[in-house]
Amino acid sequence: LAPFDSVRTYDARVRVLTIGTHPAALDTVTLAVALRGNRITFAARGAIGGGTARADGHAMLGTPIAWRVTEGSLARVNLSRVMGDTGAGAVTATFTADGRGTSPATLAAHARIHLAPSAFGAIRVRGGDASLSMRAGTAQLAATALFGAGTIAADLSATPLGTQPALTVRRIAFTHIDTRAFAGDSALPTDLSGVLTGRARWTAHASIASTLRGGARLAVSGSRVGTQRIDSAATVVTLGDGAAAWSMSAHFPRGGLALAGTARPFDALPALDVEHGSFSRLDLGALAGPSDEHTDLNGTLHARVLGLEPDFARWSVALALAASTVRDAAIDSARLALALDSGFVHLAASVHGADGHGDGTMDGRLVASYAARPFSLERVLAESDLRAHARATWTLAAMTPDTSIMLDVVDTVTPPPDSLTASARLAGGRLTLDTLRVRSVLGTLTGVGAAAVSPS
């Protein structure tokens with residue numbers, strides 16, 4: 001400050017105009033600064049992300065420097081554009097902040113944010129408040145946000161500096177959360193309430209996959225998924241040395257399920273193992289939302305998933321059903337085995353019921369025709385090439401006079417086993433049926449055809 005007179009006031013005004021598309025969607029910025037002695041007063045205005053931003057405050061020069069934002073605001077700013085994305089959004093908020101120091105290790109700062117109704121892509125927020133502080137290298141966050149009829153309250157802390165960064169989720173509590181507030185109206189309706197806690201620690205400047213250690217626990221109670229009520233549910237995950245152990249359970253008014261296994265999420269081929277799985281009186285129709293397709297399933301599940309892209313993945317799934325009901329059909333037992341090995345698919349199923357028993361197999365080749373992108377079932381359906389041959393047989397149970405099929409007036413017959421043979425190909429979202437042959441007591445059906453396949 002030696003060149004400046006400590007009793008005079010110095011003013012500076014800067015206006016920045018951008019031409020073309022700026023990476024941060026910054027259109028204009030106006031900054032006014034006044035210096036008197038060791039006090040700087042500033043006022044900033046900007047057009048950014050399709051909205052406006054402003055900040056007024058002052059700073060006291062010294063060692064360390066002290067600063068304060070007395071009034072700040074955002075009006076309909078698209079944060080996706082600010083971060084270089086193309087998503088929609090409009091954030092409106094006010095904030096204040098104060099602090100001392102500029103070095104992250106010695107910075108002591110506190111900020112308060114009030115969020116008005118805003119949108120982050122498909123996520124719509126009715127409002128919220130947050131308090132963020134930084135002291136001695138440790139950041140603390142306490143926040144509350146309103147989503148539709150639900151609320152999320154978070155209490156977190158983090159130490160991002162040093163050789164051992166860490167994150168602690170002391171508590172994230174949520175009540176009456178509907179997933180449609182995050183994924184749009186096409187998502188499954190929910191009413192979820194529960195608490196999440198967790199911790200994580202890793203080594204700076206080293207591979208997170210090998211040094212990350214931690215754990216998390218999610219507890220849910222008094223909730224609903226689709227039309228299925230959930231009395232209680234819990235998920236526990238522990239992570240270390242690149243591997244995770246996990247377990248989850250849920251209790252419904254008329255049944256429940258329990259799963260446990262391991263995972264290796266950071267490997268070149270991510271792996272997931274369901275080592276123990278069981279379910280009782282499971283209603284898939286209720287979990288899927290309002291539906292007349294109700295089930296009452298009892299059985300066990302074991303699975304291993306290695307990799308996600310079909311060309312390289314190796315999956316095996318084994319499902320065994322005990323006495324169950326699908327809609328109004330009773331099943332004494334059933335087994336299903338699915339294997340995927342580098343694009344080759346094998347499916348085998350058998351069903352035993354009061355009306356008879358059946359067996360079926362399918363063998364095929366699934367070829368991914370798309371470039372490497374995040375995996376999704378929608379892409380597999382729309383862009384993969386599936387060639388498959390399937391065969392199934394069904395044998396009716398021995399028939400009594402009360403259940404015999406009558407032809408004409410007096411003739412009683414025992415029908416032969418039903419059978420089905422099909423050859424089909426799925427390519428580019430279009431299903432082509434090359435061969436269809438169905439033999440039944442009612443007759444024989446053959447045909448070919450094509451249909452478009454799209455996810456609902």
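Visitor: Why is valine 317 called partly exposed?

Guide: Valine 317 has a relative accessibility of 23%, and the class called partly exposed lies between buried, which is under 20% relative accessible area, and exposed, which is over 50%, with a 1.4 Å probe and protein chains only; valine 317 therefore counts as partly exposed. This is a predicted model, in which local features need pLDDT of at least 70 and side-chain atom pairs count only at pLDDT 80 or more, while totals for chains, interfaces and linings use all residues. Residues are numbered from 1 along each chain as its sequence is written, and side-chain values use heavy atoms, with hydrogens and water left out.

Visitor: Where does valine 317 lie, and what does valine 317 touch?

Guide: Valine 317 belongs to strand β21, residues 314-321, where strands (E, at least two residues) and helices (H or I, at least four) are DSSP runs numbered from the N terminus. Leaving aside residues up to four places away in sequence, valine 317 is in contact with Leu301, His302, Ala303, Leu336, Ala337 and Leu338, a contact being heavy atoms within 4.5 Å. For leucine 301, which is 16 residues away along the chain, the C-alpha separation from valine 317 is 7.5 Å.

Visitor: What makes aspartate 56 and arginine 45 a salt bridge?

Guide: A salt bridge requires a side-chain nitrogen of Lys or Arg within 4 Å of a carboxyl oxygen of Asp or Glu; the N to O distance between arginine 45 and aspartate 56 is 2.8 Å, so the pair meets the definition. The two residues are 11 apart and link distant parts of the chain, with aspartate 56 in strand β4 (residues 51-60) and arginine 45 in strand β3 (residues 39-48).

Visitor: Which residues are linked with aspartate 56 in a network?

Guide: Arg45 and Arg54 join Asp56 in a network of salt bridges, the side chains of aspartate 56 and arginine 54 meeting at 2.6 Å, N to O.
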